[in-house]
Amino acid sequence: MKTKKIFLYSLHILKNHFLTTVIFIAFMYLYFSIFRGVTSQLISGIFICLLYLYGNFSSGRFHAKKRDALSLLEGAVAIAIASLPTIVLAILATNYVSLNDKGFLNTHWANVAYRLWNSPFIGVYSYADEIAKSKHSVNVIITTYWITTLFLPVSSWIGYLIGVLEKKELIKLPEYTFLPKKKSQNKKQGKTGKSY
C-alpha cells in the first residue's frame with residue numbers, strides 16, 4: 001500500500017506539471033504577442049517561475065498535512081520519482097546544446113522536448129538564448145536548464161517538509177485564501193428545528 005501511495009503521489013506531481021505545461025502552451029501565442037521584447041519575456045518568465053514554485057510548494061504542503069499522508073522519507077522518494085522525466089530530458093538537452101555560425105541555438109529534438117516540457121520557463125530560456133548569442137557560449141543555456149530542472153523537486157520537497165512540520169505542530173504558517181469565506185448557515189433554530 002505504501003508503494004502504491006508513493007507512485008500515486010508521484011503521478012499527482014506529474015499531473016500538475018503536465019497540466020501547467022498544457023495551459024501555458026495554450027496561451028503561448030498570446031504570451032509572445034504581448035511580451036515581444038527579450039527583457040519583458042525575462043520579467044514575465046520570472047513571474048511565471050514564482051507562480052510555478054508556489055503551486056508546487058502548496059501542493060506538497062497540502063499532501064503532507066493529509067490524514068493518511070506519506071512519511072517525510074516516502075514523500076521524498078515520491079518527489080524523486082516524479083522528477084526523473086525532467087532530469088532525463090535535462091541530461092539529453094544539455095548534451096545537444098550548440099550554436100550555429102550566427103550564434104543562434106541549433107534546433108534539436110532534445111532541446112525542443114525539454115523546452116516544451118518546461119514551457120512555463122520559456123521566457124527565461126529566451127533571455128538565456130540572447131546571452132548565449134552575444135557571448136557565443138552555451139554555458140548560460142546549460143546553467144538555465146539545470147536551474148529550472150530543480151524547480152519541481154526543490155519546491156515540492158520544501159512544501160512537503162513544511163507540511164510535515166505543521167502536521168507535527170512544530171511550526172505554523174498562516175493560511176492565505178483569495179476568496180472570501182462563506183457566511184455560516186447555522187442560524188438560530190425555532191421550535192420546529194428549522195433555521196429561519
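Me: What makes L19 partly exposed?
Reply: L19 has a relative accessibility of 43%, and since buried means under 20% relative accessible area, exposed over 50%, and partly exposed in between (1.4 Å probe, protein chains only), L19 counts as partly exposed. Its place is in helix α1, residues 2–26, where helices are DSSP runs of H or I with at least four residues, strands are runs of E with at least two, and both are numbered from the N terminus.

Me: Why is R61 called buried?
Reply: R61, which sits in helix α3 (residues 38–64), has a relative accessibility of 13% and therefore counts as buried. R61 and S155 are 94 residues apart in sequence, with 9.9 Å between their C-alpha atoms in space.

Me: Why is α7 called roughly parallel to α8?
Reply: The axes of helix α7 (residues 139–149) and helix α8 (residues 151–167) come within 5 Å and cross at roughly 30 degrees. Angles under 35 degrees count as roughly parallel, over 145 as roughly antiparallel, 65 to 115 as roughly perpendicular and the rest as oblique, so α7 is roughly parallel to α8. The axes are lines fitted to C-alpha atoms, for helices over the stretch in contact, and the angles run from 0 to 180 degrees between N-to-C directions.

Me: Which residues of α7 and α8 meet?
Reply: I147, T148 and T149 in α7 meet F151, L152 and P153 in α8, where contact means heavy atoms within 4.5 Å.

Me: How do you know that D129 forms a salt bridge with R115?
Reply: A salt bridge is a side-chain nitrogen of Lys or Arg within 4 Å of a carboxyl oxygen of Asp or Glu, and the closest N and O atoms of D129 and R115 are 2.8 Å apart. The pair links distant parts of the chain, with D129 in helix α6 (residues 122–135) and R115 in helix α5 (residues 109–117), 14 residues apart. Both D129 and R115 are buried, and a search of the whole structure finds 1 salt bridge.

Me: How many helices and strands does the protein have?
Reply: The protein has 8 helices and 0 strands, and 37% of its 196 residues count as buried.

Reply: Residues are numbered from 1 along each chain as its sequence is written. In this predicted model, local features need pLDDT of at least 70, side-chain atom pairs count only at pLDDT 80 or more, and totals for chains, interfaces and linings use all residues, while side-chain values use heavy atoms, with hydrogens and water left out.
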